[in-house]
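This report covers the nonpolar cores of the model and its sheet. The sequence and structure come first.

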Amino acid sequence: MTIEVRNEQTGFETRENFRTTIMKLDRPGDPSVFGQSVRADAQAIIARYPAGQSRSALLPMLHLVQSEQGYVTPDGIAFCADVLDLTKAQVAAVATFYTMYKREPTGEFLVSVCRNTLCGLLGGDEIYAALTEALRIGMNETTADGKITLEHAECLAACDYAPVVTVNYEFYDNQTVESATDLVDRLRAGERPAPTRGAPLCTFKQIERQIAGFFDETSLAADANGSGVPTERGIRLAVERGDTAPSYATKPQPSAASGAGTSAPAKSAADQPSAAAAQQPTSEHDAPLDTAASDPAHPAKPEGQKD
Ligand code: FES
């Protein structure tokens, strides 16, 4: 459903495409459209997980599907279900939960405009409105030339560079209406403007393959520096001031001298806390380090006992 929205402050007309959470499963899907090389890639993904837990591979598998077809198609859902021994309903349920899995064909460049609180207040709302106007598309829509898909996004974890825009998840920091409009103009003209930081820009399908865990040496991603001066300001200040982080809290260990001068008998080795117990956090808000021992559903078994 697409509706027109007028921003009274800016005067911009924007189109909002409110997607339902239902995938377009207008046909059963054919897993055989994925050839041998994709099936080999799928097996490489599954091999990253413990035997018998192949379903854990579903998230990178969905990215692999997007690297091939540009979005999660009925074929992609059938393929994931086939390879991971899941039902198509289970695959679709996961694919519709995360916004990184697209339900319609995605353009060569996915432009995401942060409209969360900080970016929105500092200009993200105006940037998004300007891009809908310039591209004549709304949320999750793609330009007719297939170049750009536009979306507004929640916090992109770069608030120190607000307002931010990402293209295929690469950062363009401290944007303005003018710079963001220039960015999409250049993308449509066939240019690849360099991100403010991080790896060089690649296509949506290429970045999806990387997110699926297949390293691409030509992407130069391994050498890319994703941080910047604002990100590191806290560390620099701490170094200048000699600040250090407090050490991780552990239960106090009885010292050898704790019994000296008293009538208390010396503790035997069996009374001493184990090294693992000594590492347990003292705060009740910290997760225990040894979950098996603390989880009543999975009590620790005596040494040597097997399931
Ligand atoms: S609010 Fe935009 S990156 Fe956090």
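## Main core

The largest nonpolar core has 32 residues. Those with the most contacts inside it are Val111, Leu131, Val164, Val165, Val167 and Val184. A nonpolar core here is a set of buried Ala, Val, Leu, Ile, Met, Phe, Trp, Tyr and Cys residues joined through C-beta atoms within 7 Å. Buried means that 20 or more other C-beta atoms lie within 10 Å of the residue's own, with C-beta atoms placed from the backbone.

The model is predicted: local features need pLDDT of at least 70, side-chain atom pairs count only at pLDDT 80 or more, and totals for chains, interfaces and linings use all residues. Residues are numbered from 1 along each chain as its sequence is written.

## Contributors

Elements that give two or more residues to this core include strand 3 (109-114), helix 5 (117-135), strand 5 (148-153) and helix 6 (177-188). Helices (H or I, at least four residues) and strands (E, at least two) are DSSP runs, numbered from the N terminus. Helix 5 supplies the largest share of this core, seven residues.

Five strands form an open sheet in the order 4-5-3-6-7, with mixed pairing. Strands pair if DSSP finds at least two bridges between them. Strand 4 (141-142) and strand 7 are the edge strands, each pairing on one side only.

Strands 4 and 5 run antiparallel, joined by two bridges. Glu141 stands opposite Leu150 in strand 5.

Terms used:
A residue is buried if 20 or more other C-beta atoms lie within 10 Å of its own, exposed if 12 or fewer, and partly exposed in between; C-beta atoms are placed from the backbone.
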